[in-house]
Amino acid sequence: MKFKTLTGIASTLALCAGMASADSTVRFWYHFDNADNPMDALVAAFEEANPDITVEAENIPWNSYYDQLYTAVIGGNAPDAAMVKMFAQPRLVEMGALAPIDDWLADWDGADGLQDNLIELTKGPDGQQYYLPVQYVVLYLYYRPDMFEELGLSVPTTCDEFRETAKALTRDTDGDGQTDVYGFGFRGAKGGHDHWATFTLGAEGVSLTEGLTSEAGVAGTQFVADLFQQDGVFPPSAPNDGFQEIIGAFKAGKTAMTIHHIGSANGMVEALGDNVSAAPVPECGGGRWTAFGDESTAVLSSAEDPEAAWKWITFLSTEGNNTMFNEATGQLPVVKADSESWTLHPQRFVQATVDSLPFAEMLPNSSATADFVNTAWPTNMQRVLTGDIEPAEMNAKIEELFAE
Amino acid sequence: MTHVSETPKHRASLGRQVLPYAMLTPAVLVTLAIVFFPMLQTAWMSLHEYVLFRPNDFTWVGLDNFKAALNDEVFWISLKHTIIWMCTTIPAQLLLGLVTALLLNQEFPWRPVARALIIIPWALPSVVIALMWVWIYDSNYGIANEFLLRMGLIQQAIPWLADPDTALASIILTLTWQGFPFFAVMILAGLQSIPQSYYEAASIDGASAWRQFWHITLPGISGVMMTAVLLRMIWVANSFDVIFVMTGGGPGYATHTLPLYAFIKARTNLDFGYGSAIAVLFTLLLMVVVVFYLKRTGKAVS
């Protein structure tokens, strides 16, 4: 009551002062790598259409995004709506942090305009819908066509070819005894599990939840270790390299291949022009595996005005706005109409994404996934790369984590 | 008469008795609220299984978290690194600080400027320092490798932070650089409190520069040094921001220290029960070191 009275007085005062007042506020958390992000423009457009709602959008650095989100939820200071990835969903649901959106979704006209199957893909572990897709990407292989041409190489389609190609690309170009170009930019720090998974989880019968300690599973991790330790095709800094490092090294010509998604395509074209192209990741162990990079928005269960928060997140996933949002993140729109008119990325990167879709997968819908992504994978991978433990031990630890 | 004169006196003495407490109370209450309450809460949490994403599950497990910690390989690795971290960083900072203070105590032109500049590493935020040194150590573009390669001291660029053999040492160097100005400034203040006449008397008696340093300078600044080492010991032991930004504890566990491990367990894995147990264990260990240090140095200084 007291709070309401205070809010009432505050709004009256605001009105008296001739300022615009809003009936409810939506606090929204998101993460954009792009420094010149157009979130302000989206917020302004939304507020113009919904004068009774104010949106406070806050860009949280990616590296600590989930640490901050979880602690904010526990601390009772969670935002009303937030950008969220699938790997965090089981944990957020377990915390009771998300508001189900099934009823709203049933009444929302825009649902039919979304890409097929996306709603189904983002269903919660308990069968309820919490996530509203806002963008997607698929990871693929970036390579330097000019270097390939110079050495007479073709894009590798299997792991064996990949190894030979990476070795050929690793070379000292100016004769000073130092390696100037490395075959592949491997991401050994947080977020690099997608690289490892491409080499490991493609094998028949191997996934994060089963078969990881089988011969085929261990062979995948061994393959990564050999590429680094025996062949020296990753830069020596690979164990600590994160997103900035692998992208920076590729743009600077320090690496000839790496794995990432369309989000970095425009930056790469800006740096390298036609000397960058993309292809689906190679087939390893008899099958292909690449990551489906999802991003959704969700309404938090603690939202002061859930309806307003829902209005805001649907705004981001409707025609036109979804394009604007994805122009900032450099990812792909989830709205069909926006996809059809999509011109932001050069065709070769869109093609590589589409070609990779048939075998793209998501991480398991388990609350262990967050620990796998944040600590178990990076720590164990780094220990394997630096020779501290054997690949079999790493796979055993990951299997143990998912078995708990 | 006596009755009248006694009452104000009585009141005054009562006032004198109560006033100090009354004035101290707010500070004590604030300290209790922001230091002791969280400390007790941490100790309480360490006796429970408390995983933050299962907020309704707060089960009493007694000393299980402590037992688990003592059987945890990473706890021992982190403890080893914490000991190396403290035993090298603090003496290195002290030595560098002492040399700097002695130099800055000499008469030379632009001395005030030099004294102001020396404080920069100490004044910079840890995150800025960490990011700066990450670039210095970078194996592709870093100035450290560039310099050493040009000098012919190394043949291949070294991934300083990605190699478990050099990662901890590289961070120790960074922290030494960050922390030595604190010692320099403290010791400089101590140096200036030593009367010049002592040195004059000593030189009349024919004492060499070394003798003067050993018998006048060192005893003169020992009290300051003791306090500075104590403060720094607690700060360095607890500091993990620089490590966190530079390597996040990696590669593998190569730069894990106990406070960092407790932080990762609690904040990233959300296992507050186990994280708290590590923090409590570390606090106890640090307390033993501090008490031992105070006893030894207290005797030595007096």
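Helix packing and aromatic contacts

In chain A, helix α11 (residues 243-251) and helix α12 (residues 265-272) pack at about 30°, their axes 9 Å apart; helices are DSSP runs (H or I, at least four residues) numbered from the N terminus, and axes are lines fitted to C-alpha atoms over the stretch in contact, with angles from 0 to 180 degrees between N-to-C directions. α11(A) is therefore roughly parallel to α12(A), a label for angles under 35 degrees. On the α11(A) side the contact uses Ile247(A), Phe250(A) and Lys251(A), and on the α12(A) side Gly267(A), Met268(A), Ala271(A) and Leu272(A), where contact means heavy atoms within 4.5 Å.

The model is predicted: local features need pLDDT of at least 70 and side-chain atom pairs 80 or more, while totals for chains, interfaces and linings use all residues. Residues are numbered from 1 along each chain as its sequence is written, chains are lettered from A and ligands numbered from 1 in the order written, and side-chain values use heavy atoms, without hydrogens and water.

Rings of Phe, Tyr and Trp (its six-membered ring) pair if their centres lie within 6.5 Å, being stacked under 30 degrees between planes, edge-to-face over 60 and tilted otherwise. Over all chains there are 44 aromatic pairs. Tyr65(A) and Tyr66(A) are edge-to-face, at 5.1 Å and 80°, and both are buried, that is, under 20% relative accessible area (1.4 Å probe, protein chains only). Trp104(A) and Trp310(A) are stacked, at 5.5 Å and 20°. Trp104(A) lies in helix α5 (residues 102-107) and Trp310(A) in helix α13 (residues 306-316), both of chain A, so the pair ties together parts 206 residues apart in sequence. Trp104(A) and Trp310(A) are buried.

How values were computed. Buried < 20%, exposed > 50% of the residue type's maximum accessible area, 1.4 Å probe, protein only. Helix = DSSP H or I, 4+ residues; strand = E, 2+ residues; numbered from the N terminus. Parallel < 35°, antiparallel > 145°, perpendicular 65-115°, else oblique.
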